[in-house]
Amino acid sequence: MIELFQFPWSPFCIIQHRILSFSGAPFKVVPVPNTERSVIWKLTRQRYYGVPILRDGKSVLFEVNEDSQVLAKYLDSKLRLGLFPWKLEGVQSILWRHIENRVEGPCFKLNDIYWREMVPEREHVAFVRHKERKFGRGCLDAWKAGQKALLSELEQELIPFEEMLVGHDYLLEDRPRFVDFDLFGMLENFLYSGNYRLPRAHGRIAKWYDRIKSVQFKDLPREEELHS
Ligand SMILES: N[C@@H](CCC(=O)N[C@@H](CS)C(=O)NCC(=O)O)C(=O)O
């Protein structure tokens with residue numbers, strides 16, 4: 001059975017978790033503490049410490065650079081989900097870079113403001129140290145102080161996605177592709193703490209979010225039928 005090594009509020013783990021549940025394939029979640037990655041280090045033979053990773057039988061899958069989509073492409077080709085059709089590869093590659101930078105930024109900071117509610121106490125010091133080493137001393141408090149500005153940054157960043165939903169149910173077409181799961185991961189991370197709602201201005205995104213949160217591959221029309 002496919003195993004997903006993850007922690008639950010990570011935007012990148014949420015993407016893989018949703019793709020797996022969309023697929024209908026059986027899978028197992030293996031929780032990894034945010035601040036203790038030795039299991040990942042061991043499984044990847046000292047080549048990776050990030051999450052998520054996948055284990056499928058003897059294969060261990062992990063990303064090879066910031067913009068690779070090794071995990072999603074593996075699941076897509078193994079489970080035949082149609083998330084990366086060739087005709088959309090170029091536009092999806094541009095979009096996922098954008099989603100994982102410009103949308104991810106405000107989302108994870110807004111969620112991290114509530115870090116005390118997610119991170120077990122024994123991990124507090126390691127969590128704060130990790131964040132401050134990367135984003136500077138006092139970053140978590142600075143994000144809290146700048147919460148309003150971060151919310152309006154997110155609202156702005158979502159405008160093109162609201163516009164993309166004119167005329168079809170998902171971002172690119174009437175069926176979900178990888179970028180739908182990618183954007184979902186960022187927004188689900190933003191919503192994780194339970195302290196936010198999606199920006200009210202974006203009505204199409206709200207409806208799309210309800211679809212992408214629960215869509216099942218088995219309920220989609222077969223791909224050939226779409227083009228007949
Ligand atoms: N591009 C990678 C990014 C993964 C990533 O940034 N994961 C974070 C958690 S959300 C991580 O483990 N970062 C390394 C660390 O925390 O030390 C992917 O798609 O999986």
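Visitor: In β2, which residue is the bridge partner of Gln6?
Guide: The bridge partner of Gln6 in β2 is Pro31. Strands are DSSP runs of E with at least two residues, helices are runs of H or I with at least four, and both are numbered from the N terminus. This is a predicted model, in which local features need pLDDT of at least 70, side-chain atom pairs count only at pLDDT 80 or more, and totals for chains, interfaces and linings use all residues. Residues are numbered from 1 along each chain as its sequence is written.

Visitor: How many bridges join β1 to β2?
Guide: Five bridges link β1 (residues 2-6) with β2 (residues 27-31), and the two strands run parallel; strands pair if DSSP finds at least two bridges between them.

Visitor: Now the ligand: which residues surround it?
Guide: Around the ligand are Ser10, Pro11, Phe12, Tyr49, Gly50, Val51, Pro52, Glu63 and Glu66. A residue counts as near if its C-beta atom, placed from the backbone, lies within 6 Å of the molecule.

Visitor: Is Glu188 buried or exposed?
Guide: Glu188 is buried, because 23 other C-beta atoms lie within 10 Å. Buried requires 20 or more other C-beta atoms within 10 Å of the residue's own, exposed means 12 or fewer, and partly exposed is in between, with C-beta atoms placed from the backbone.

Visitor: Where is Glu188 placed?
Guide: Glu188 belongs to helix α10. Its C-alpha atom is separated by 9.7 Å from that of Leu198, 10 residues apart along the chain.
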